[in-house]
Amino acid sequence: MQPRNMSMSGVVDLAAVKAAGEAKAKAEQARAEAARQAAQGGAPASAGAVPPSALVIDVDEAGFERDVLQLSAEVPVVLDFWAEWCEPCKQLSPLLERLTIEANGRLLLAKVDVDSNQMLMQQFGIQGIPAVFAVVAGQVLPLFQGVAPEQEIRATLAQLVQVAEERFGIIGIEVDPNAEGAPAGAPAAEAAIPAGPYDALLEAAVVALDAGDLGGAVQAYKNVLADDPANTEAKLGLAQAELLARVKDMNPQAVRAAAAEDPKDSAAQIAAADLDLVGGHVEDAFGRLVDTVRVTAGADRDAVRVRLLELFEVIGADDPRVAAARTALARVLF
């Protein structure tokens, strides 16, 4: 079974934009229901709540799509790759289980026995265990390998929860300590609320992307941003759609040959950086443009700087590779 919608190396993942929109809508519905019940003075509905024990599950290749990919639109899923013979795993796994339970529905821990799931181990490119990843709205994020101090792990998981909520609107699943036998993927009770003011335009953009109409997707996202310049989903979608539109008709061999021939050719370096990013080589794309800023001047230098800032939007400000590239850019500019 080949997991879908994965972004193992930062590859632009348009399916994640759609997943983020769906997750955001569900999150807004959950918040609306909680607010309604609070206003009525009642306790939140617990029909969809799960017991704490359901927050830690074993997952295999056959159930990976259902138990990880689909659930990652509801709650960040932490993947713990382990084996019975692995002594460090025996230290890390109980710690991850305890921190997941403490998160009270903001995280789900999926444990993968590598001896029984060699294909998953290969697909994730794992060279040693324990290895820990996260899946959020269908996108894979490498977290760490080996045993780390509890304080560091706790901070990493807290950041994961924050990114899931702020970037994708994913707020997790409701936990009821008295609930028994509820499925791990049962969502919190949802209220029937009106669609948001830009939902139709955002949906139109996703439909256009699915149909390969990049120009239509770009325009739909721009229509949202014209009224709501801070709309996170539209900004991310526009940056990705514009990137794909730029590389659609490129000849990769010719672009890379031109870039290799003249490191000061800003247009060639910009085009090559676009190809780097679409291919998942995020650090290569950022490094190429930072180096080009260093060796160019005037309008050429400014064009490279602007494109680099646009590529930051594609990846997202919370990505550590963006932070590192911003620091490198500042050094060459100032």
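This is a predicted model: local features need pLDDT of at least 70, side-chain atom pairs count only at pLDDT 80 or more; totals for chains, interfaces and linings use all residues.

Student: What kind of pair do Phe-64 and Phe-124 form?
Tutor: The ring centres of Phe-64 and Phe-124 are 6.0 Å apart, and the planes are at 70 degrees. Planes over 60 degrees apart count as edge-to-face. The pair is therefore edge-to-face.

Student: How many residues apart in sequence are the parts that this pair ties together?
Tutor: Phe-64 belongs to helix 2 (residues 64-70). Phe-124 is in the loop between helix 4 (118-123) and strand 4 (131-136), so the separation in sequence is 60 residues.

Student: Is Phe-124 buried or exposed?
Tutor: Buried means under 20% relative accessible area. Phe-124 has 4% relative accessibility, so Phe-124 counts as buried.

Student: Which residue pairs with Phe-81, and in which strand does that partner lie?
Tutor: Phe-81, in strand 2 (residues 77-82), has a partner 52 residues away in the chain. Their rings are 5.9 Å centre to centre with 80 degrees between the planes, an edge-to-face pair. The partner is Phe-133, in strand 4.

Student: Which residues do ring pairs link into a cluster?
Tutor: Two of the pairs are Phe-64 with Phe-124 and Phe-81 with Phe-133. Ring pairs link these residues into a cluster: Phe-64, Phe-81, Phe-124 and Phe-133.

Student: Which residue has its charged end over the ring of Trp-82?
Tutor: A charge over a ring must be within 6 Å of the ring centre. Here the distance to the centre of the Trp-82 ring is 5.3 Å, and the residue is Lys-111.

Key. Residues are numbered from 1 along each chain as its sequence is written. Side-chain values use heavy atoms; hydrogens and water are left out. Rings of Phe, Tyr and Trp (its six-membered ring) pair if their centres lie within 6.5 Å; planes under 30 degrees apart count as stacked, over 60 as edge-to-face and the rest as tilted. Helices (H or I, at least four residues) and strands (E, at least two) are DSSP runs, numbered from the N terminus. Buried means under 20% relative accessible area, exposed over 50%, partly exposed in between (1.4 Å probe, protein chains only). A charge sits over a ring if NZ of Lys or CZ of Arg is within 6 Å of the ring centre and within 35 degrees of the ring normal.
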